[in-house]
Amino acid sequence: MSYKLSKSKINDYLQCPRKFRYRYIDEIKVPQNIYFKIGSDVHQIAEDFINIWKRDKSIDILKTLLELEAAYEGDYKKHCIHMASFFTEKLIDEEYEVFSAEEYLLSERYNFSGLADIVLEKDGELTVIDYKSGRSHTVKKYVTELCYYKMLIEDKYPQKKVRYAGIFFTKDGKYSELMFDDENKNAIICTQREYESKIELMYEIREKIEKKEFTPNRQFLCKYCDFKKYCDAEGFITLDDF
């Protein structure tokens with residue numbers, strides 16, 4: 001059986017194969033950092049809101065989000081205000097329907113799994129959206145993982161097509177979207193060729209993992225890595241390298 005992958009595993013391997021080995025092969029546990037907790041809490045608030053929305057579309061969106069936020073120790077009011085504007089725009093102004101939310105997707109065909117934050121539907125086309133609680137960037141930075149969401153959704157729902165994919169940055173309220181298209185010049189696009197290249201990348205990374213290719217990627221980010229001390233202990237880097 002080939003090694004099961006996910007977009008998080010792909011991202012970690014691309015950042016540093018050694019980090020991947022420590023986390024997923026050696027299963028070394030590291031303390032949860034504050035940024036992970038923020039992301040986890042904000043995602044849970046969004047999920048709980050969508051569950052409420054699906055039962056009652058007459059709710060006050062901002063009020064509901066702030067009521068959910070009050071149950072958490074962290075201060076996520078800014079995130080909730082931005083989410084309220086985003087959900088109002090998508091669910092009310094643009095009249096999208098919620099196709100799925102926080103759905104675990106597992107493809108036997110690709111031996112790949114993922115958790116889609118929210119998938120919206122309009123005019124028979126799907127838009128998959130991932131929430132990010134950190135600093136905003138252009139969607140171009142996330143093309144690889146968005147392609148994997150498209151792959152997973154279309155594999156599970158072969159009668160559906162993912163036309164758009166986006167990233168919503170809850171911290172500053174920015175939304176960046178791409179279109180899976182070969183010709184539209186008025187949008188950020190991901191061509192069929194680029195999409196297929198991401199599928200090929202998945203197979204390439206799986207092959208390297210199965211060959212146990214875990215050479216560290218020495219870079220500036222090493223000094224912030226949770227696994228730095230393990231690399232140091234193995235002699236891959238020194239404290240003075242960067």
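Lys160 counts as buried in this predicted model, because its relative accessibility of 18% falls under the 20% cut-off. The residue lies in the loop between H6 and E5. Its side chain makes a polar contact of 2.5 Å with the side chain of Glu121. Leaving out residues up to four places away in sequence, Lys160 touches Phe99, Leu126 and Glu154 as well as Glu121.

Two other lysines are placed over aromatic rings. The charged end of Lys122 sits over the ring of Tyr96, 5.4 Å from its centre. Lys150 lies over the face of Phe180, with 4.7 Å to the ring centre.

Nonpolar side chains tend to be buried together in soluble globular proteins. Here the largest nonpolar core has 36 residues, and Phe112 and Met151 have the most contacts inside it. Elements giving two or more residues to this core include helix H1 (7-15), strand E3 (112-122) and helix H7 (192-210). H6 supplies the largest share, 8 residues. Apart from neighbours within four places in sequence, Met151 is in contact with Tyr110, Phe112, Tyr195, Ile199 and Met202. A second, separate core has 25 residues, among them Val42, Leu68, Phe87 and Ala101.

The whole structure holds 19 aromatic pairs. In one of them, Phe49 and Phe87 have ring centres 5.0 Å apart and planes at 20 degrees, so the pair is stacked. Phe49 belongs to helix H3 (residues 34-55) and Phe87 to helix H5 (residues 77-93), so the pair ties together parts 38 residues apart in sequence. Both count as buried, Phe49 at 0% relative accessibility and Phe87 at 1%. Phe49 and Phe87 also form one aromatic cluster with Trp53, Phe86, Tyr131, Phe168 and Tyr175.

Definitions and conventions:
Residues numbered from 1 in each chain as written. Predicted model: local features only at pLDDT ≥ 70, side-chain atom pairs only at ≥ 80, totals over all residues. Heavy atoms only, no water. Core = buried A, V, L, I, M, F, W, Y, C linked by side-chain atoms within 4.5 Å. Buried < 20%, exposed > 50% of the residue type's maximum accessible area, 1.4 Å probe, protein only. Helix = DSSP H or I, 4+ residues; strand = E, 2+ residues; numbered from the N terminus. Contact = heavy atoms within 4.5 Å. Polar contact = N/O pair within 3.5 Å; in protein donor to acceptor, adjacent residues only side chain to side chain. Phe/Tyr/Trp six-rings, centres within 6.5 Å; stacked < 30°, edge-to-face > 60°. Lys NZ or Arg CZ within 6 Å of the ring centre and 35° of its normal.
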